[in-house]
Amino acid sequence: MSNIAIEAAGLSKKYFIGGARKSYYRLTDQLTDTLIAPFRRAGNLLRGQAAGAAELDETIWALKDVSFQIKSGEVVGVIGRNGAGKSTLLRILSGITDPTEGYTDIYGRVGSLLEVGTGFHPELTGRENIYLNGAILGMRKAEIERKLDEIVAFAEIDKFLDTPVKHYSSGMYVRLAFSVAAHLEPEILLVDEVLAVGDMAFQRKCLGKMDDVAQTGRTVLFVSHNMGLLQMLCQRGIFLNEGAITTDGTISEAVDAYLQTLEQVKSQDLSKRTDRKGLGQVRLVGAEVINSSNGSSSILKTGDAAHLIFHVNAILPRMVCNILILDHLGQSIVGFGSATHGPEDSFDPEGGLRFVCELDEILLLPGRYRVNVSIIGDNRLQDYVEAAMTFDVGPGHLRGRPASSTEFFSVSMPHRWRLPLKD
Amino acid sequence: MDSIDRQPRGVAALPGKDNMLVIPKNLPKTRRQPSTGWAWPKLRELWEFRELLFFFAWRDIKVRYKQTVMGASWAIIQPFFTMVIFSLFFGRLAKIPSDGVPYPVFSYAALVPWTFFANALTQASNSLVFSANMIKKIYFPRLALPIATVLAGVIDFALAFIVLLGIMLYYGLAPTINVVWLPFFLLLALVTSLGVGLWLSAMNVQFRDVRYTVPFLAQAWLFVTPIAYPSSMLAEPWRTVYGLNPMAGVVEGFRWALLGSGSAPGPMLIVSVAVALTLFVSGLFYFRRMEQSFADVL
């Protein structure tokens with residue numbers, strides 16, 4: 001017998017999204033509606049209907065009938081694509097928002113690391129922000145005082161403790177923010193993709209900290225896109241797809257189910273995908289990879305030359321295309337951005353609305369890869385699509401040296417050995 | 001993705017573990033469910049987070065005058081120069097009566113609680129919108145935000161009050177014994193500010209129109225409060241009606257407690273207290289009703 005930590009029954013969450021407008025039959029209808037609407041909205045508001053202003057708009061179910069039980073001490077990974085409802089689930093569990101239907105019972109204090117550094121004030125010093133942020137996260141003053149040294153040591157900012165955080169480097173800032181949050185000691189901890197902060201050394205440290213937390217018998221819910229990380233930390237996995245639980249089992253089962261749906265997404269038309277972020281003045285409408293060393297085949301081998309082509313539907317000033325290549329476990333391998341100009345970059349208005357990234361040699365070892373793409377325009381994020389395309393790399397040669405797959409790493413580099421003996 | 005069969009959920013899907021789950025008795029249970037209808041304000045939770053209330057107020061005070069040349073003296077400059085202008089135009093030119101007290105003291109004694117109220121009104125109404133990011137990312141009692149901004153104003157009030165004592169000294173006026181009632185009138189100002197602040201902050205989340213209404217509201221309220229003139233200009237049945245503006249009760253009370261001018265608190269004050277309490281309690285309930293949607297609407 002074990003204690004229950006979280007029970008969710010039929011959790012659903014409806015959101016209102018703007019856009020869809022009622023079409024008017026007559027001008028008089030429109031006029032009366034315009035005149036009456038403010039009063040009706042005020043009435044709704046007084047009756048407490050939050051969505052008073054949005055009643056004519058379209059709705060979307062971010063979570064639909066989600067039920068599960070988590071027992072005390074379990075470490076659970078929550079997996080899903082963007083917009084699958086992972087964050088909504090954590091927001092309901094932490095109390096930020098109410099479910100529209102269903103309920104969840106939580107036993108014990110809940111701490112959440114949904115986004116580090118919210119609530120930091122740039123004008124206050126590191127020490128002052130530790131107190132403020134700690135209090136926001138639900139720590140008592142005495143508790144913060146007791147842990148102050150530990151927090152400061154973990155964040156490695158001791159020299160700057162009494163400097164306003166606006167003078168901090170971004171690295172110091174996130175280290176401090178994470179450190180405060182990581183020293184929360186609730187019975188239940190909700191963690192949303194916060195491990196990807198700071199430099200590699202600090203990330204490893206955060207990981208160690210999270211591993212410690214997971215070992216101390218606390219209940220932890222992790223949301224991450226990093227499948228390797230989740231497989232390392234969690235025993236159980238819940239895979240959410242379009243707001244519903246598709247798989248609830250061991251972490252490997254959940255990861256497998258997730259990877260399968262990524263394959264299915266690949267075949268879907270990019271412009272029809274809704275799991276994207278950004279303003280939307282420009283959308284990524286197509287992505288393809290072409291092997292440029294043997295014409296236009298889409299079969300790639302390590303060492304081949306390739307073109308990665310990204311089609312957009314509009315042009316904006318200062319438009320930039322950023323891509324990130326990830327391996328099949330979701331570990332990021334390499335990324336490029338068109339904002340950093342090189343002498344070989346060229347301008348090709350005849351090519352149409354597209355970005356082409358030309359690679360002379362593919363240094364990826366055989367395996368399956370996917371590409372996340374973001375389009376920046378006018379200095380704002382316009383579009384972000386995860387797994388905009390996936391591609392396979394087959395065994396090939398890198399400058400004549402055979403390249404084959406290994407589970408330990410996924411990139412090679414042109415190299416030569418100088419050997420002490422000839423065998 | 002319908003092709004993937006749904007596996008049994010929850011505990012049943014756990015691999016090879018005993019499936020008996022019991023409800024722990026030693027841990028507090030929290031239920032999160034759709035909120036329907038009116039509910040009790042979460043005052044106990046606010047009490048548990050009372051340190052957060054303190055930290056928010058402390059942050060507001062600490063940050064407010066950073067990067068200003070004049071610093072905290074703004075707390076004094078604002079009411080002081082209003083007093084100078086009022087004394088020139090209403091006192092000297094319009095010759096508005098001041099209950100036998102020098103006009104500058106008369107108006108400044110009213111401007112001290114008024115400035116507290118007006119600032120609380122403006123800052124509380126924006127408190128939630130300005131902290132939108134935090135509200136969307138972290139859970140803490142939402143009540144802490146507007147309440148802390150109002151409480152932070154007490155420091156400004158104290159600074160302006162010290163200047164008031166200085167002005168009284170300059171005019172050779174000593175506080176009367178009525179001064180023991182002063183904390184009560186400050187409390188009345190606080191309750192009024194909180195009541196209006198709770199209403200406006202919650203409404204501002206839903207309707208950003210509030211932001212444009214508040215400066216106008218503050219200005220109109222200034223003129224319907226006996227700051228530039230004494231409420232003794234009104235005859236009796238109307239004086240009691242005047243108490244419907246709780247700030248009228250506060251301002252008259254301040255003058256009576258400090259300067260002994262005007263008349264002792266009477267029916268007008270009772271009306272003011274009733275209105276202030278109604279505003280405050282209804283504000284708490286309205287806030288409670290709206291707060292679940294803050295994170296979704298902001």
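**View 1. Chain A meets chain B, with 60 residues of chain A in contact with 47 residues of chain B.** What you're looking at is a predicted model. Which parts of chain A do the touching? The elements that give two or more residues to this side include four strands of chain A: strand 1 (2-17), strand 2 (58-71), strand 4 (101-107) and strand 8 (236-241). Strand 9 (244-250) is on that list too, along with helix 2 (86-94), helix 3 (126-136) and helix 8 (251-266) of chain A. Sort the residues on chain A's side by class and you get 22 nonpolar, 25 polar and 13 charged.

**View 2. Here a strand of chain A pairs up with a strand of chain B.** The partners are strand 4 of chain A and strand 2 (residues 29-32) of chain B. In which sense do they run, parallel or antiparallel? They pair in the antiparallel sense, over four bridges.

**View 3. Now for the two domains of chain A, as the domain assignment gives them.** Domain 1 covers 63-263 and domain 2 covers 270-403. Their C-alpha centres lie 31 Å apart.

**View 4. This one shows where domain 1 of chain A touches domain 2 of chain A.** Nine residues of domain 1 are in contact with twelve residues of domain 2. On the domain 1 side, the elements giving two or more residues are helix 7 (227-233) and helix 8 of chain A. By class, that side has three nonpolar, five polar and one charged residues.

Methods:
Residues numbered from 1 in each chain as written. Chains lettered and ligands numbered in written order. Predicted model: local features only at pLDDT ≥ 70, side-chain atom pairs only at ≥ 80, totals over all residues. Contact = placed C-beta atoms within 7 Å. Nonpolar A, V, L, I, M, F, W, Y, C, P; charged D, E, K, R; others polar. Pairing = 2+ DSSP bridges. Domains from an automatic or database assignment.
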